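This report describes selected local features of one structure. The sequence and coordinates are shown first.

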Amino acid sequence: MAALAVLTVTGPALASEPKQGGILRIYHRDSPGSASIHEARPTPSTSLHAIYNNLVIFNQHIAQNSVDTIVPELAESWAWSGDGKTLTFKLRKDVKWHDGKPFTSADVKCTFDMLMGKSQQKFRRNPRKSWYDQVNEVTTTATMRRHLT
């Protein structure tokens, strides 16, 4: 009965509006060399994926991942060209970085250029570089396009 009373009293306080800022502390059984999801191989450090957003993700409510369970996250939508060589993403307009600056297609291009090794900026490690061997170029407009060779 006492525990129920405590929950009743503190319940509304826990449901208050979230506040910006602060420190996120999580237990991690590993000591990853980087918090970059692009520089780390799939290991226990993949728990860091929970603090990053992607253009698209697998629906977390469906146990088996497949092409049919991909849902938008930073992209509102995406479409392949008729010849299957160009993938166009329409990005959400309401996304901001932690510093309040808007998320743009230039940010996506910067990341893809780094992943493909086509940028002056380089990752310390790039274990997935070969995943992008068939990508010819990434261009930006009002939407972002990924061209495959």
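Why does Tyr-52 count as partly exposed? Tyr-52 counts as partly exposed because its relative accessibility is 31%; buried means under 20% relative accessible area, exposed over 50%, and partly exposed in between (1.4 Å probe, protein chains only).

The model is predicted: local features need pLDDT of at least 70, side-chain atom pairs count only at pLDDT 80 or more, and totals for chains, interfaces and linings use all residues. Residues are numbered from 1 along each chain as its sequence is written, and side-chain values use heavy atoms, with hydrogens and water left out.

Tyr-52 is placed in the loop between α1 (2-14) and β1 (56-58); helices (H or I, at least four residues) and strands (E, at least two) are DSSP runs, numbered from the N terminus.

Ala-106 counts as partly exposed because its relative accessibility is 47%, and Cys-110 counts as partly exposed because its value is 33%. The buried residues of α2 are Ser-105, Val-108, Phe-112, Asp-113, Met-114 and Leu-115. Just after α2, Gly-117 adopts a positive phi of about 75 degrees.

| Pair | Separation in sequence | C-alpha to C-alpha distance |
|---|---|---|
| Ala-106 and Val-138 | 32 residues | 9.8 Å |
| Cys-110 and Val-138 | 28 residues | 9.1 Å |
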